[in-house]
Amino acid sequence: MRTSFTGLEIGRRSLLAYQKALEVTGHNIANANNKAYSRQEVNFQATDPYAIPTMQKGTEAGMIGTGVTVTDVRAVRDEFLNAQARNSLKALGYWQTHREVLQEVELFFNEPGETGISTALTEFWTAWEEVAADPGTPAVRWTLVERAEALAAAIRQVYGQLGELKLTIDESIRHKINQANGLGQRIAQLNSLVVKIEATGDNANDLIDSRNQLVEELSRMMDLNIRYDRYNQAQIVVNGTIFVAGDIVNRIDIVDMPLAQPVWNHSGGAVLLRQGELGALLEARDNSVQSYLDSLVRLAEDLVDGVNAPHRTGYDQDGIQGGDFFEMRGGPESLQVVADVRDNPRRIAAALEPGKAGDGRVATEIARLRNQSGRFDSRLRSVISQLGIESQSAGRLAGNQEFLLKQVENQRMAATGVSLDEEMTKLIQYQHGYSAAARIVSAVDEMIDTVINRMGLVGR
Amino acid sequence: MRVTQNMLVNNLLYQLRLSQDRLVNLQNQIASGRRIHAPSDDPVATVKVLEYRAIKADITQYKGNAEMGIEWLGIAGNALEQATQGMQRVRELAVAGASSSLPAGSREALALEVEQLREEMVQVASTKYRDKYVFSGLLIDRPPFDASSTYQGDLNTVETEVAAGITVGIGLPGDGIFGTGATKAGKSIFQVLDDLASDLRAGNHQLVGNARLAEVAEIEDTILSHQAIIGSRMNRLEKTIDRLTDTWLKVEDLLSRRQDTDIPAAVTELATLEAAYRSSLMSTARIIQPTLLEFLR
């Protein structure tokens, strides 16, 4: 037997369901511009029908519907696209950082500007030529000393700037590692919240969105793999070692050697980071920037060895055999013209034989060094060429990754993003549904009113 | 495909950033006149620019060297021209002195003039270019001949570099012209003139007419041959300057092509980019505006 109030109950359920659906639509609209948000959908399901299993069933229609309920609110997600996005992000992080570092290096070398090492080098050789052509004039010798000092200063400056860049990169590495640990911590916290919510049978949609966002921030920094356990907790594996599992974080510590080296907190083993921002920073600090520092060391050695050797064979203006021209104690940061020569250009040993005022043959020999292949100018040029090519390709690859990431993001937004038009349509749909459900309640109400208040009044 | 709000914004921002990036880059190229600001703009061209700049500096230096050489040789050439004229006069005097019928007074006058010419030769040998003695070899700071007419320079030649590893001698060691190299017998020009003067004074007209006159002729030949050397070297230096000027222009052209902005092309590209930028802004403005909201009451 059915009761007279079944219709009211169906109406109530329907009102509640539409209300819920409207709320979800409102939530979607509210998050339309939240990039990390995945749109949510309500799952309507008919409630269990009402069968009347009786022996005297006879004529009545069976299986009476009992209305609707919202079984769950599900976020639309695409794990494949998420993985794609993470892959793009780690490559993007790597190449963008690489590009930035190389652009900085290019800035320091300042080629083909008029104030770079190459100009100083050219002017240095010209000054030797001048001395060769006119060894007796003090002004020409002073010019050479000035040019040589300018060249040494240019090399010292670029070397110093690159050295500082290396330290700045080291600072960034420490900073990023701290950030990564912080992200790991927050992911672990979200993991434990997700467990609590999903244990009750609900979907932790918004928490998972937040967690995904953190994981993406983390993948911009390093190469990682992600797995989900049966409680939907994210497990993050970096290079074979677990970084986050459940609510536990295996921290990355910094060891000073004296530059920062990342090691695992639990084992003390080195963390191998080859991708993402951290990968690029480590690579820049230990290889890329270091290689430019090394080539400056070799250029400075070229000058010290290359110029000093002939200079020692020559004789100065007072007929004394020449000593060193350049000196370097340690690295290129100490490259300078020997004080004796700097203070007294008569000491420049331009002559091949002592006491010959017109003899500039050693100066000529030194000026000819500029054409040696693989040293001096040619070495500098190959460094600049290498820098240009590396920076250019880093720029191109960063550009490519930006484009790829945009494509992946667009695909993901196509699947999981909020479309306002769509939500507006649903809003109207649910609103109409709500009105109609309300009408059912009124209709049943009128019917019951008829039964209660108007029946049994025959003949009154 | 579902198209969502964020996609439109995402696309718009990406495109705008790309366009702006290109616009700024191009604008920078046009404003500075340079198409390369960092090696990564064009690594190959950057290296070429550095090479061409070094070559230009070399050429400028070589040209300066050659110009200095021409001046130096010109001064030396003038000096030798003066010496030739002097020697011609000496020859006239020697021819006059070879006559047997000359009175003692006339011979004395001839001898005096020869002595005067000898002093002139000392002056000529001490010619300077920018305070450097041109006939002293590498010892440019001291006169080639001392008071006793002994050569005190050296036998090296001042040289100037006019191309990588190629030098041209510009100094002429005076010993070979005025000193012991002036005659085959190793007699210097001053010795010859001294002998001539004393022979004239002594009336040794036969000696004057034979041995002395022959020596004078020999010296004239020596000087002439050195003038020829100077001429040919100047010629070579002038050709070098022509060639260097030519090369300089070519290198300048190559350098400019690699480092300078092609303004007409850049401006055209700028106009194209600007049009693209404007139209993308316009189309986005149109797409972004309408939503279903505007058509609902």
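Biologist: Why is Gly306(A) called partly exposed?

Modeller: Gly306(A) has 18 other C-beta atoms within 10 Å. A residue is buried if 20 or more other C-beta atoms lie within 10 Å of its own, exposed if 12 or fewer, and partly exposed in between, with C-beta atoms placed from the backbone. Gly306(A) is therefore partly exposed.

Biologist: What kind of model is this, and how are its residues and chains labelled?

Modeller: This is a predicted model, in which local features need pLDDT of at least 70, side-chain atom pairs count only at pLDDT 80 or more, and totals for chains, interfaces and linings use all residues. Residues are numbered from 1 along each chain as its sequence is written, while chains are lettered from A and ligands numbered from 1 in the order in which they are written.

Biologist: In which helix does Gly306(A) lie, and with which residues is Gly306(A) in contact?

Modeller: Gly306(A) belongs to helix α6 (residues 276-313) of chain A. Helices (H or I, at least four residues) and strands (E, at least two) are DSSP runs, numbered from the N terminus. Leaving aside neighbours within four places in sequence, Gly306(A) is in contact with Leu369(A), Arg375(A) and Phe376(A); contact requires that the C-beta atoms of two residues, placed from the backbone, lie within 7 Å. Lys90(A), by comparison, is 216 residues from Gly306(A) in sequence and 45 Å away in space, C-alpha to C-alpha.

Biologist: Why are α1(B) and α6(B) called roughly antiparallel?

Modeller: α1(B) and helix α6 (residues 263-288) of chain B pack at an angle of about 160 degrees, with their axes 10 Å apart. Axes are lines fitted to C-alpha atoms, for helices over the stretch in contact, and angles run from 0 to 180 degrees between N-to-C directions. Angles under 35 degrees count as roughly parallel, over 145 as roughly antiparallel, 65 to 115 as roughly perpendicular and the rest as oblique. The two helices, α1(B) and α6(B), are therefore roughly antiparallel to each other.

Biologist: Is the crossing of α1(B) and α6(B) left-handed or right-handed?

Modeller: The crossing of α1(B) and α6(B) is left-handed. That term applies if the near helix is turned anticlockwise from the far one by less than a right angle, and right-handed applies if it is turned clockwise. The contact includes Leu8(B) and Leu12(B) of α1(B), and Leu270(B) and Leu273(B) of α6(B).

Biologist: How many residues of each class are in the contact of α1(B) with α6(B)?

Modeller: This contact has 14 nonpolar, five polar and two charged residues. Ala, Val, Leu, Ile, Met, Phe, Trp, Tyr, Cys and Pro count as nonpolar, Asp, Glu, Lys and Arg as charged, and the others, Gly among them, as polar.

Biologist: How many residues does each chain bring to the contact between chain A and chain B?

Modeller: Chain B brings 43 residues and chain A brings 42 residues. On the side of chain B that touches chain A, α1 (5-32), α2 (43-97) and β3 (159-163) each supply at least two residues. The most come from α2(B), with twelve residues. By class, this side of chain B has 22 nonpolar, 14 polar and seven charged residues.

Biologist: What makes β3(B) and strand β4 (residues 166-169) of chain B a pair?

Modeller: Two strands pair if DSSP finds at least two bridges between them. Four bridges join β3(B) to β4(B), and the strands run antiparallel. Thr160(B) stands opposite Val168(B) in β4(B). The two strands form a hairpin with two residues between them, and Gly165(B) in the turn has a positive phi of about 80 degrees.

Biologist: How do you know that strand β4 (residues 234-238) and strand β5 (residues 241-245) of chain A pair?

Modeller: Three bridges join β4(A) to β5(A), which run antiparallel. Ile236(A) stands opposite Val244(A) in β5(A). Two bridges join β5(A) to strand β6 (residues 248-249) of chain A, again antiparallel, and Val244(A) stands opposite Val249(A) in β6(A).

Biologist: Which residue does a cis peptide bond join to Pro258(A)?

Modeller: Met257(A) is joined to Pro258(A) by a cis peptide bond, with omega about -15 degrees. The bond from Glu111(A) to Pro112(A) is also cis, with omega near 0 degrees.
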